[in-house]
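Dear colleague,

Please find below the sequence and structure that I am handing over to you. My findings follow directly after them.

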Amino acid sequence: MSLKWFFLKPPADNPNYGPGPNDSGIEHFRGEPVKGVVRESIQNSLDAVDDKNKKGGFVEVSFEFGCLDQKSIPDLDELKRHIGLCGLQYNNYKKEAEEALQILSKSKIPYLKISDKNTKGAAGEDDDEKGDWYRLIYTPGDCDKPDSSGGSFGIGKSAYFALSHPRTVLFSTKDHNKKIAFIGLTRQAKHKDRNEKLLEIGYLTYEKTKNYRDWE
């Protein structure tokens with residue numbers, strides 16, 4: 001079984017089934033995407049400080065730049081195909097889609113990896129609507145953090161997609177029980193594929209909207 005990109009179908013009774021390429025959350029950070037990513041990453045890590053860490057220590061957030069071999073990226077051609085479809089179906093997205101495809105067609109594709117230590121991770125299963133993992137992955141504009149939190153899992157996470165030219169981010173986490181979760185997300189535009197309507201969000205996983213989850 002291998003990782004694949006899935007774009008979901010909209011509800012049959014919803015004629016206005018999703019946004020086009022003008023994503024309000026992404027546009028909010030478009031002017032200063034680097035500043036937005038740094039601020040949101042650090043704040044979200046601080047909000048998730050591990051109170052059960054008996055060793056103590058500060059929350060550590062690291063930023064790593066590098067390149068991935070194109071051949072090592074799962075189902076890349078399918079992601080490129082959907083980006084291309086969006087570029088063809090929206091004149092105001094054509095240039096951005098073409099630039100994204102140029103990046104994804106390179107033999108070495110640049111990436112930014114953000115990780116932290118001494119945090120509790122994003123806990124909760126895929127169907128736990130109150131869990132941090134659910135709000136991070138499945139609710140683009142939702143925020144249900146305590147008033148004392150400085151960041152949010154609401155519009156703040158759009159900063160990552162604003163910085164990523166293909167609008168694509170890979171998320172992973174490990175909670176207190178050493179349960180690991182992984183899923184890829186891309187935020188493009190509602191589009192048609194072989195006369196079938198699809199939503200704007202795509203998931204890189206083994207099963208539609210279900211993350212890859214494993215234990216150490």
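What percentage of the 216 residues of the protein chain count as buried? The share is 44%, where buried means under 20% relative accessible area, exposed over 50% and partly exposed in between, with a 1.4 Å probe and protein chains only.

Please note that this is a predicted model, in which local features need pLDDT of at least 70 and side-chain atom pairs count only at pLDDT 80 or more, while totals for chains, interfaces and linings use all residues. Residues are numbered from 1 along each chain as its sequence is written, and side-chain values use heavy atoms, with hydrogens and water left out.

The protein chain has six helices and nine strands; these are DSSP runs numbered from the N terminus, helices (H or I) having at least four residues and strands (E) at least two.

The largest nonpolar core has 20 residues. Such a core is a set of buried Ala, Val, Leu, Ile, Met, Phe, Trp, Tyr and Cys residues joined through side-chain atoms within 4.5 Å. Trp 133, Ile 137, Tyr 138, Phe 171, Leu 185 and Tyr 203 touch the most other members. Among the elements giving two or more residues to this core are helix H1 (24-29), strand E4 (168-174) and strand E8 (201-205). Helix H5 gives the most, with five residues. A second, separate core of 15 residues includes Cys 86, Tyr 90, Ala 100 and Leu 104.

Helix H3 (residues 76-89) packs against helix H4 (residues 94-104) at an angle of about 160 degrees, their axes being 8 Å apart. Here the axes are lines fitted to C-alpha atoms over the stretch in contact, and angles run from 0 to 180 degrees between N-to-C directions. H3 and H4 are therefore roughly antiparallel to each other, a term for angles over 145 degrees. Their contact (heavy atoms within 4.5 Å) involves residues including Leu 76, Ile 83 and Gly 87 of H3 and Ala 97, Leu 101 and Leu 104 of H4.

Two residues other than glycine have a positive phi: Asp 75, near 55 degrees, and Arg 194, at about 55 degrees. Asp 75 is in the loop between strand E2 (60-69) and H3, and is partly exposed, with a relative accessible area of 26%. Arg 194 sits in the loop between strand E6 (191-193) and strand E7 (196-198); at 68% relative accessibility, Arg 194 counts as exposed.

Yours sincerely

How values were computed
Angles under 35 degrees count as roughly parallel, over 145 as roughly antiparallel, 65 to 115 as roughly perpendicular and the rest as oblique.
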